[in-house]
Each structure stands twice: as C-alpha cells, then as structure tokens.
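Subject: Handing over a structure

Hello,

Here is the structure I promised you. Please open it and keep it in view while you read my notes.

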Amino acid sequence: MPSAFTPDASRGLGGPEWLAERRAAAAQRLGDLVLPTDTEEIWRYSRIGELDLERYRPRTADERELEVSPVPQGLRSKGVIAGDLHSIDAEGAEEWFGRCAGESPDAFTELHDAFAAGGAYIFVPPGVVVDEPVFVSHRSSGDGLASFPHTLVVVGEGAEVSIVDRFAAAGDHLTDAVIELVVGDGANVRYISVQEHGEKTWAIALQRARVGRDARLQSSAVALGGDYARLRSESLLHGEGGESDLLAVYFGDQQQMHDFRTLQDHAAPRTRSDLLFKGAVEDEARSVYSGLIRLRKSAQKANAFQTNRNLVLTEGAGAESIPNLEIEADDVRCSHASTVGPIDDDQLYYLESRGVSPADAERLIVLGFFEDVFARLPVPSLVAELRASVHEKLGRLHG
C-alpha cells in the first residue's frame, strides 16, 4: 500500500468513536491489500493498470466538503435524520454503515473503509413520507489528493424519500465513493446520483442497495465527467415482491472513459428488476458496460430485464457492452439486450431532407436517444439541467 495511506493517517480523521474504530480495523488490513488488474473479469476493458496510488494522499477531515440539505422541523420531530456522520448524533448509523458494501467487498471498498471520515446519513423512520427531495453534495479538489465520499440511506418500513446525490471533484484527484441504500419492507426510495467530476479526476464508486419485501427502489445515475469514472451498481432483492428500476445516462468525450458494472441479484420470489443504461461517446472516449442478472433458486416467478444502448459518434471512440445471465430458478421471465453503433443514417437523412443542418440533426438525435431515460427520472426539476449538459458536450464536438 502506498506510503501515504497509513494507519496513522486513518487515525487522524476524527469523527464518532465507532467510525474511528471501524477505520482503524480496515487500516490494519491495508498491508495485505492487492489492487486489481484488468485480467480480472470484473475489471476487463478497464484502465485500472494506469492508476498509481503513490500520486495521492488521503484528505484530512478539515479538507472535506459535504453539504446535506436540512429537512423541515416537522420531519425532524418525526425522527427523520439528514446530515454528516462526522458531526451529527446519528443513532442507528453504526448498525448499517458498511453493511451493504460489506456484502460485496473489493480493494477499493477496503481502502474506503480505512479513510472514510464521515458521510451523508439519511434516515427515514417507518411510515414517514418525505415529500421534498433531500439534496446531497460531495465536493472535493486538490491535485494529489484522495477523497472517500460516503452516502448511507436507511428507509424504514412503508416510508418514502427522494435523494439527489451530486459528486464533483476537480484537479488531479482520486475519489473512492460508497453509496449504501437500505430499503425497508414496503418502502419507496427514489435515488439519483449525478457525477460531474473534472477532466483529470479518477473516480471509483460502489453503489449497493438492499431491497425488502414489497419495496421499490428507483435508482438513476448520470455520468458526464472524469478522466476515468467507474460505477459498480448492485441491487439485492432479498424480500418477496421487491422491485428495482436502474437507469443511467452517460456521455464521454475527449479521452474520457465511463465504466459501468451492474448486478441485479434476485434472492426472493416474485421480485422484479428492470435496467436501462444509455450512453454516447465521441472523440477518443470509451465506455464499458458489463451487467449480470442473477436469479437464485429462491427467486421463482421473478421478472428481470436488462438493456444497454450505446451511440458511437466519431471514429476513434468506442464502446463495449457485455450482458450476462445466471439463472438457477426455473419459473422466471428474463431478457437482456445491448447495441453499439453510430447514429442511424436514415434518421440523419430524414432530418436533413427537411432543412435541418447536419450538426443540429445529430444533436436532436442524441437528445432524443436519451429522452426515454430523462423522462423516467424521478426528480423532474433536474431534467432541463441534464439536457443542457449533454447539449454542451455535443456543442464541443461541432464547435
């Protein structure tokens, strides 16, 4: 492990005692930590071989920039918690912190455990409905620094909440994030992550959800920034009747790489999952999507669907799409589909024959390509802003 990532550096991060003890235990394991290589299937096609941890040191607690929008007093009186684990009295967080992520560990979740100084904590008690979205902002900057954002969402039985989680790092920065979503029986959670990192930032993140009986998770990801940006998104449906809808929009330009690995894990009967990931790449950018639907023996009468679509807008850009199925149950409905290709010439011709310039025609087609994902985002107020970001990237292509 690089010299800057030491137990002493971990001990200096402060925070509640239980978190410090957790960090200390993880830091002691760092000496045996082996970073992955692209020979491993889960890292196939990645750029992990380019990562040099010696270039970075962990940020101190004082260098953290986390904002969590406050909830109204009426909700706080009902037991709703929204704040920073480093500084708030977060009863119950100790029980759940790291529990989801710990079900799917890797080298970067171990590194995260050793240096997570706090994180956003959102707790909604059983039966409570939070009408307005909770906004979270993880910001970091500084060349040669590594940050470890954490978001922990715990939603009780029959409760509802929407969360917008924004991640933005600037400079030659490494960010190693973990997002944990605990969806109680009969609960409804709508979660959106927006990744807006700078062009020199390396970002590696795990998002893992645990969905209870008759509960529903709607999880959406928007990825626009970063030099190399990887998201491992996993959803475990462990309660009968649980549902998971996973959406993503990603757009790479210049030398960017967007890397997505997903798992729809059905461990109970009559569960449902539906995934739709759509991406575009231009210039010399690349994208990777690798997804697995797992239907365990206990997942009888489950329905699972997976779709990945990719547009390659210029020569020199590229996309990989690898859908996978692992089916042990014998009474299920399951399908997957993927496409990689350029803009359809017939669509371009149709628009150009009606007086639309080639550049504008391409913009319209790309925006239309993403529209079915935008239309399904659970926080409509974000959609105009995200459309504008996609339009800006297309504008750079056409000057």
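A residue is called buried when its relative accessible area is under 20%, exposed when over 50%, and partly exposed in between, using a 1.4 Å probe and protein chains only. Asp-253 has 3% relative accessibility, so it counts as buried.

Some ground rules. This is a predicted model, in which local features need pLDDT of at least 70 and side-chain atom pairs count only at pLDDT 80 or more, while totals for chains, interfaces and linings use all residues. Residues are numbered from 1 along each chain as its sequence is written, and side-chain values use heavy atoms, with hydrogens and water left out.

Now the whole protein. It has eight helices and 20 strands. These are DSSP runs numbered from the N terminus: helices are H or I with at least four residues, strands are E with at least two. The radius of gyration is 21 Å, close to the 21 Å from the globule rule for 399 residues, so the protein is as compact as a globular protein of that length. That radius is taken over C-alpha atoms, and the rule is 2.2 Å times the number of residues to the power 0.38. The C-alpha trace spans about 65 × 50 × 45 Å along its principal axes. Of the 399 residues, 56% are buried.

Next, contacts, meaning heavy atoms within 4.5 Å. Take those between residues at least 6 apart in sequence: 86% of them join residues at least 24 apart.

Back to Asp-253. Its place is the loop between strand 14 (243-252) and strand 15 (257-266). Leaving out residues up to four places away in sequence, Asp-253 touches Glu-282, Asp-283, Ala-285, Lys-393 and Arg-396.

Then look at helix 2, residues 17-29. Its 13 residues should span 18 Å at 1.5 Å a residue, and its end C-alpha atoms are 19 Å apart, which agrees. The expected span is 1.5 Å times one less than the number of residues. Trp-18, Leu-19, Arg-23, Ala-26 and Ala-27 are its buried residues. They pack against helix 1 (7-11), helix 4 (93-96) and helix 5 (107-115).

Last, Val-68. Find it in strand 2 (residues 65-68). Is Val-68 buried or exposed? At 18% relative accessibility, it counts as buried. Beyond residues up to four places away in sequence, Val-68 touches Ala-82, Gly-83, Ala-120, Val-134, Phe-135 and Val-136. Arg-55 is 13 residues from Val-68 along the chain, and their C-alpha atoms are separated by 30 Å.

Best wishes
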